[in-house]
Protein chains: 2
Amino acid sequence: MKVSLSVNIGLCGFGTVGQGVYKHLVKSRADITERLGAEVKITRIAVNDINKKRSVKVSKQLLTEDALEIANDPSIHVVCELIGGTALARKVTLAALKHGKIVVSANKALICDHGAEIFEAARKFGGHFFFEASVAGGIPIIKALREGLVANRFSRIYGILNGTCNYILTQMGSRGLPYSDVLKQAKELGYAEADESLDVEGWDTAHKASVLAWLAHGVWVKPSQMIVEGINRLSPADLSNAATLGYSIKLLAVITRDFSTNELCVRVHPTLLPVNSVVASVGGVFNAVAVTGDVVGTTHYIGRGAGQDATASAVISDIADAVALIKHGKGTHLTSESYEPNTKGCTLAPLERITGSYYIRLTVKDQSGVLAKVARVLSQNKVSIATMIQNPAHVGAASLVLTTHETNEKSIGKALKRLSALGSVLETPLVLRIGNFTD
Amino acid sequence: MKVSLSVNIGLCGFGTVGQGVYKHLVKSRADITERLGAEVKITRIAVNDINKKRSVKVSKQLLTEDALEIANDPSIHVVCELIGGTALARKVTLAALKHGKIVVSANKALICDHGAEIFEAARKFGGHFFFEASVAGGIPIIKALREGLVANRFSRIYGILNGTCNYILTQMGSRGLPYSDVLKQAKELGYAEADESLDVEGWDTAHKASVLAWLAHGVWVKPSQMIVEGINRLSPADLSNAATLGYSIKLLAVITRDFSTNELCVRVHPTLLPVNSVVASVGGVFNAVAVTGDVVGTTHYIGRGAGQDATASAVISDIADAVALIKHGKGTHLTSESYEPNTKGCTLAPLERITGSYYIRLTVKDQSGVLAKVARVLSQNKVSIATMIQNPAHVGAASLVLTTHETNEKSIGKALKRLSALGSVLETPLVLRIGNFTD
């Protein structure tokens with residue numbers, strides 16, 4: 001095959017993902033050249049420290065400590081922003097787009113915080129911004145939503161978008177270990193960061209939810225406009241209680257749009273899912289996304305959501321799309337800059353109006369009359385009890401686990417405030433949402 | 001939004017799928033125009049009988065009884081070949097491609113039988129052929145393999161590609177009903193054709209396997225070069241035996257490539273899958289595909305594999321890609337004509353060398369010594385027994401269900417021939433393959 005085009009790639013950031021992209025591009029260079037009809041060359045790599053030892057060997061001549069140099073280098077066509085964080089990453093991205101370059105990024109926090117600015121810069125200067133690796137790692141969910149399911153309006157998208165949390169919940173459930181033990185183990189295995197808060201408090205999932213919500217609905221939703229709750233207050237008892245009730249617990253992003261009111265709702269929280277649902281069956285570090293479209297119905301996508309190789313697979317698919325754009329003239333409609341989802345009149349639903357059923361765990365004094373008090377508070381706030389499990393907690397205390405019939409965030413919030421104020425309730429109540437998603 | 005481009009679509013075939021495409025394109029015309037930056041108009045529809053009553057109302061002026069007229073009409077940019085069958089469909093497809101048009105097709109039999117000729121014509125005359133709807137209905141699996149997973153070489157692709165068979169097996173398993181009863185019910189519900197043979201004998205799945213094998217490996221494999229076995233000899237007892245052993249039974253297409261020997265193997269057969277695997281958990285009319293790539297690991301795709309709406313969703317996504325091509329100049333690398341997968345030196349593995357474990361059900365005379373004879377035949381052919389279940393079959397007969405340790409097609413074939421010749425074996429033995437795919 002005759003190859004007349006050579007595309008120069010600059011990698012900004014050479015950590016786990018950057019090295020993965022380098023490794024796989026080099027390994028499969030011949031295949032990729034043949035598939036794309038163009039040579040793809042990594043011609044420059046920005047690192048923090050040129051002299052640091054790395055497991056992937058690269059010529060020192062490729063390296064620079066100045067990522068902006070790559071963004072401004074006229075010989076580089078595609079800039080892979082794999083730096084992480086949002087400060088330098090934003091600068092590099094905007095600089096490259098100003099030169100009309102194509103930027104490939106895995107950075108969900110960057111998109112969530114600065115997406116509007118980035119896409120505006122891409123439109124203004126004729127650059128492009130690709131981000132398949134930013135959500136659900138190796139699963140091509142961005143391409144599926146933007147292109148494969150283009151005929152659809154999305155009433156619901158939900159899924160497991162953080163492998164660390166899914167690993168922790170799976171281990172807690174299957175081995176009955178407390179959160180702190182499993183977290184420690186996850187850190188030892190490299191599944192959790194030294195500072196785990198971004199993952200376990202739900203922020204990473206919220207960033208990804210923001211990307212998906214924008215892609216599906218054209219609205220930028222910030223984490224501050226969502227319900228965001230993490231998994232750090234869950235106990236193995238919650239997972240076994242849920243199992244008794246026929247549920248698994250997963251940290252989910254849930255994006256719903258009601259096309260009759262045109263209201264959008266984005267939330268991230270541990271969710272009780274029916275055990276026999278597809279997403280509930282996805283364990284370990286895997287991610288899973290369920291997409292409900294008005295034409296296709298529900299489709300599911302499952303795979304590794306993070307890690308060097310899965311993320312590299314997604315970055316390389318974006319590089320392939322970038323090469324196609326360069327080869328045949330920029331500007332296919334399916335890039336995200338020109339993609340105009342059905343935004344018209346779409347507003348954010350007030351969070352307190354969200355309806356659903358709830359799981360409530362209360363630690364209460366083990367004495368008579370407590371259950372009556374709890375039941376009265378719930379009833380006064382129009383929260384009606386569906387099931388109840390009582391277990392001993394520790395000496396003198398009992399654990400009350402309730403599930404409710406359908407109610408809403410406002411009622412449950414008021415009821416919880418009153419419950420917390422009861423002298424017989426010993427700890428802040430734990431509330432989980434039940435996702436009765438059967439597809 | 002200013003729209004300067006109008007793309008004219010001709011529908012050839014106006015059955016279930018054609019009417020679905022029409023309905024959804026008309027319904028979401030405004031959305032689609034905005035997303036694609038181009039107007040999409042259905043300007044001509046070929047039908048069998050202009051005067052036939054249809055649930056979807058269209059102006060008679062749009063209709064013609066000559067599909068070739070559409071293929072040859074210079075005002076039509078995109079021809080949707082939704083005729084079915086391979087004779088007229090081939091003529092229409094080749095005629096349209098000769099005019100450099102884009103053809104969108106849902107026709108797996110056409111691609112399997114005439115794919116090489118079709119892609120050659122597309123290359124020669126500058127046309128394009130899109131076929132997202134040909135495999136797994138609304139699941140964007142073609143796009144995922146070709147674009148989303150472009151960084152990968154595929155060691156294994158397997159899945160449920162026929163919703164009719166999956167519905168029948170699910171019903172047989174959950175309700176214990178015999179094959180013939182469930183088939184009758186599936187016909188009444190419209191899940192099975194009046195002539196069910198294409199589905200239940202595995203040919204439809206084989207056509208789809210051929211499309212996926214070509215896409216992943218660049219080799220055209222005909223059904224005659226595959227193992228193709230259907231579900232029509234299965235009994236509810238097989239499903240319950242399998243369940244006892246920890247398996248579900250699914251009709252699978254299995255495409256494996258060994259990159260050390262560079263051998264490709266394509267087969268279609270009912271398969272025992274571990275009950276806790278993702279694909280095993282997919283029931284009813286749903287399809288599921290598991291794709292193992294060398295970079296990304298295994299990803300799963302699940303959704304409706306057939307039906308008016310799911311297929312229309314896929315056809316419309318192809319129309320969107322066609323509009324992008326027209327809008328920005330034809331020829332992005334990711335169309336299948338110019339896509340050159342890693343074919344080099346890839347050969348078909350001799351079927352008899354395929355290894356695996358097997359499930360064998362024998363109906364034997366219920367008398368002493370029979371088990372010894374069966375065991376001897378197996379042992380003489382180097383087939384070693386892993387598990388055995390014996391149940392009464394009918395008066396004077398017993399059902400022997402064996403699973404084997406790993407062996408190969410040649411040994412099992414020889415053993416079965418010998419078993420069939422035993423006087424104490426009353427019916428042709430039923431053999432199923434065990435797919436110990438844990439991912």
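Which domains does the domain assignment of chain A give? The assignment, which is automatic or taken from a database, gives domain 1 (6-137 + 308-327), domain 2 (142-306) and domain 3 (354-434). Between domain 1 and domain 3 of chain A, the C-alpha centres lie 50 Å apart.

A word on conventions: this is a predicted model, in which local features need pLDDT of at least 70 and side-chain atom pairs count only at pLDDT 80 or more, while totals for chains, interfaces and linings use all residues. Residues are numbered from 1 along each chain as its sequence is written, and chains are lettered from A and ligands numbered from 1 in the order in which they are written.

**Chain A overall**

Chain A holds 14 helices and 18 strands; these are DSSP runs numbered from the N terminus, with helices (H or I) of at least four residues and strands (E) of at least two. The radius of gyration of chain A is 24 Å, close to the 22 Å that the globule rule gives for 439 residues, so chain A is as compact as a globular protein of that length. Here the radius is taken over C-alpha atoms, and the rule is 2.2 Å times the number of residues to the power 0.38. Along its principal axes, the C-alpha trace of chain A spans about 80 × 50 × 35 Å.

**The sheets**

Let's turn to the strands, which pair if DSSP finds at least two bridges between them.

| Chain | Strand order in the open sheet | Pairing |
|---|---|---|
| A | β3-β2-β1-β4-β5-β6 | parallel |
| B | β3-β2-β1-β4-β5-β6 | parallel |

In chain A, β3 (63-64) and β6 (128-130) are the edge strands, each pairing on one side only. Four bridges join β4 (residues 78-81) of chain A to β5 (residues 102-105) of chain A, and A:Glu81 stands opposite A:Ser105. In chain B, β1(B) and β4(B) pair in the parallel sense over four bridges, with B:Ile9 opposite B:Val78.

Helix α1 (residues 16-27) of chain B has 12 residues. Its buried residues (20 or more other C-beta atoms, placed from the backbone, within 10 Å of their own) include B:Val17 and B:Val21. Both are in contact with B:Val315, a contact being C-beta atoms, placed from the backbone, within 7 Å. B:Val315 is also among the residues that touch the most other members of the largest nonpolar core, which has 290 residues. Such a core is a set of buried Ala, Val, Leu, Ile, Met, Phe, Trp, Tyr and Cys residues joined through C-beta atoms within 7 Å.

Key
The expected span of a helix is 1.5 Å times one less than its number of residues. A residue is buried if 20 or more other C-beta atoms lie within 10 Å of its own, exposed if 12 or fewer, and partly exposed in between; C-beta atoms are placed from the backbone. Two residues are in contact if their C-beta atoms, placed from the backbone, lie within 7 Å. Lists of a residue's contacts leave out its neighbours within four places in sequence.
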